[in-house]
Amino acid sequence: MSESRNAILGKLRAGRDAHPLTPPESDFAVLRNKRWDGAERLERIKRMMEAVHTEFLETTEADWPADVQAFLTAQGTRNLLFGPATEAGGRLSSEWAASGMAGGPELIPYADRVETFKERLFDGIDAGITTTLGAIADTGSLIVWPTPEEPRLMSLVPHMHLALLRADALYDTFWQAMTENRWADGMPTNALLISGPSKTADIEQTLAYGVHGPKRLVVVIVR
Amino acid sequence: MGETSINFAKASSAALQDQQLRGNFRRAMDGLMSKRAVQFADTAEWNGVRTLGASVRLRALSKLPELLEKLEANCTKNGIQVHWASTTDEANAIVLSIMQRVNAKLVVKGKSMVSEEMHLNAFLEKHGIESLESDLGEYIVQLDEAMPSHIIMPAIHMNTKQIAHLFKQKIKEAEYTEDVAQLTDLARRVLRKKFATADVGISGVNMAVAETGTLCLVENEGNGRMSTTVPPVHIAVMGLEKVVEKLEDVPPVISLLTRSATAQPITTYVNMISSPRKEGEKDGPNEIHLVILDNGRSGIYADEELRNTLRCIRCGACMNHCPVYTKVGGHAYQAPYPGPIGSILMPQVEGLEKRGELPHACTMCNACVEICPVKIPIVEIMGRLRSEAVHPGDAVRGAGSHASKAEAMVWKGWSMTYASPLAYQFATALLAKLGNAAPASLPLLKEWTNVRAKPRFANRTLHALAREKGIPDV
């Protein structure tokens with residue numbers, strides 16, 4: 001197929017060289033100058049995400065594992081998929097084991113390749129919990145970078161996705177988050193912005209949630 | 001779709017008679033227009049981000065061959081296999097050969113306009129591979145054995161009742177319901193089984209980043225994430241214009257795209273895929289293939305003016321605001337891309353012989369140009385294509401194919417008449433005396449009088465009236 005490659009590139013180069021194009025400068029000021037003050041950022045994120053059916057659970061660094069457990073128990077959630085090798089996963093398993101809460105959800109580790117438990121993942125898991133790299137005030141979006149310890153499908157297949165958000169990891173815009181953290185120097189396999197539960201308006205413009213991915217997105221704000 | 005030329009005039013006449021269809025479109029487009037206006041209510045912000053977005057697209061086009069090479073190099077470094085296709089046949093063959101190598105029987109697809117351009121589903125089915133659309137709108141259209149009528153909302157031409165009947169008729173386990181949540185849930189149950197068992201996932205690409213070798217996909221449903229994560233092989237297809245230079249170019253374009261398309265500040269999911277599953281990772285495809293399609297785009301690129309067509313970010317705002325599209329709907333265009341952008345893109349991609357009628361599906365009102373988030377001069381290109389259709393040339397395939405001898409003679413006569421004062425005086429005097437006697441059914445005049453009243457000539461010419469007022473001829 002390199003024949004096509006060379007033909008296409010040759011044609012493009014000839015076309016461009018015959019009629020070069022001088023583009024205007026790209027002025028990113030409209031994104032650089034978009035700012036909210038600290039307190040306003042989180043309020044804005046909540047407001048924007050709530051408008052698309054996201055739920056919030058406010059907690060603290062000390063209490064979040066217990067608060068998540070109490071929340072899921074109250075919801076009647078049967079089980080929670082988690083990454084056992086992450087720091088958050090370690091706290092979940094040790095603190096839930098120690099809490100002795102009866103009737104709470106079962107913790108299910110995502111410890112092996114998806115091929116080994118695809119069927120259960122699609123058919124037997126109620127909720128999954130992941131961390132985030134922060135959130136974006138401009139659009140009300142979580143930044144999620146799946147890792148070997150926190151695989152991609154944890155935030156997609158379970159009916160409920162819980163996402164831990166540290167209240168001090170907030171950005172004004174998507175552009176600022178990626179430039180300040182130099183994303184271009186090394187992108188992960190899959191980087192994601194998530195701004196609500198899965199939704200569609202393909203049937204007569206009527207919004208419906210949970211068409212393919214999670215039906216509920218719960219952001220656990222950790223202060 | 002056959003290779004014969006399409007008939008927009010006939011198809012649009014039929015669409016205009018369909019009150020249900022007109023109602024469905026009117027309601028949807030009115031809603032989209034007003035919601036979009038709210039998203040861009042801050043005029044300074046709109047102007048800033050629009051200018052930035054247009055510059056990002058123009059910069060990418062100014063370096064297109066180099067950026068495609070860089071994209072290929074960075075994708076390859078990341079483990080993504082890159083393929084090049086000059087034609088849709090070649091692109092289909094590439095996709096098929098990957099499928100055959102992995103013995104694929106079932107494919108789940110995210111929404112991709114390029115795959116519509118390739119007629120990929122029909123092609124795969126011919127080779128015994130089930131290709132299932134997983135975007136709910138595309139799934140509905142596929143069940144209905146129809147074409148998408150909008151590039152963002154493929155099933156916008158149908159209402160809930162029609163979809164409820166379709167599901168009842170085509171899905172085995174369906175109970176009849178007009179409850180949208182229940183209909184959506186039914187599709188979820190059917191499609192989840194398919195995601196879990198598919199051999200290959202196919203997606204489009206909203207933007208490919210040369211700097212990092214990253215494929216960006218925006219979507220609300222999660223079917224794009226499913227298709228690109230669950231099956232062991234992911235194939236992405238993209239038109240060669242979809243590249244941007246840098247990662248930082250992505251946010252402004254996404255902001256313009258999602259706000260223009262569906263009036264959302266952002267879609268539920270923005271996926272940035274940079275490699276197949278790495279050592280130690282527990283999910284994601286083991287192989288990713290990127291198919292870069294030309295299909296006439298390099299020809300478009302060679303022309304300075306037509307090149308602007310390739311700026312398009314496929315937001316669909318031009319169709320939402322087009323007075324023609326909103327009346328007749330997408331199917332009348334009989335093309336993967338309908339509306340204003342389709343009317344300039346399709347003739348350039350498929351040739352004026354087949355698509356030369358589309359640039360006439362326009363009132364030249366400029367609504368699409370005012371709304372276009374990357375400032376494509378759609379109406380100028382529309383005029384250019386009308387002219388190309390009747391004049392021999394080599395800029396667009398099929399140039400001159402719509403030339404009419406009678407029309408050419410009329411224009412020639414018109415030009416000669418206007419160049420000679422004597423001939424002009426004679427002609428206007430003649431029309432003042434006899435013009436009204438000409439029947440409305442005369443060739444050429446008929447095209448006008450079909451939908452409008454025949455013009456009435458005054459019984460005295462302007463020159464004669466002026467002379468009576470004492471104004472001399474110059």
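Leaving aside neighbours within four places in sequence, B:S274 is in contact with residues of both chains: A:M187, A:P188 and A:T189 on one side of the list, and B:N78, B:I80, B:G213 and B:T214 on the other. Contact here means heavy atoms within 4.5 Å. The model is predicted; local features need pLDDT of at least 70, side-chain atom pairs count only at pLDDT 80 or more, and totals for chains, interfaces and linings use all residues. Residues are numbered from 1 along each chain as its sequence is written, chains are lettered from A and ligands numbered from 1 in the order in which they are written, and side-chain values use heavy atoms, with hydrogens and water left out.

B:S274 belongs to the loop that joins β9 (269–273) to β10 (287–293) of chain B. Its relative accessible area is 3%, so B:S274 is buried (under 20% relative accessible area; exposed is over 50% and partly exposed in between, with a 1.4 Å probe and protein chains only). The side chain of B:S274 also makes a polar contact with that of B:T214, at 2.8 Å. A polar contact is a pair of N or O atoms within 3.5 Å; within protein, one must be able to donate a hydrogen and the other to accept it, and residues adjacent in sequence count only if both atoms are side-chain atoms.

An open sheet of eight strands with mixed pairing runs in the order β8(A)-β5(A)-β6(A)-β9(A)-β9(B)-β6(B)-β5(B)-β8(B). At its edges stand β8 (170–171) of chain A and β8 (243–244) of chain B, each with a single partner strand, so one side of each lacks a neighbour in the sheet. Strands are DSSP runs of E with at least two residues, helices are runs of H or I with at least four, and both are numbered from the N terminus; two strands pair if DSSP finds at least two bridges between them. In chain B, β5 (207–209) and β6 (214–219) pair in the antiparallel sense over three bridges, and B:M207 stands opposite B:C216 in β6(B).

| Domain of chain B | Residues |
|---|---|
| Domain 1 | 1–40 + 303–402 |
| Domain 2 | 63–294 |
| Domain 3 | 404–467 |

Taken over C-alpha atoms, the centres of domain 1 and domain 3 of chain B are separated by 31 Å. The secondary structure of chain B comes to 23 helices and 10 strands, and 58% of its 474 residues count as buried.

Technical notes:
Domains from an automatic or database assignment.
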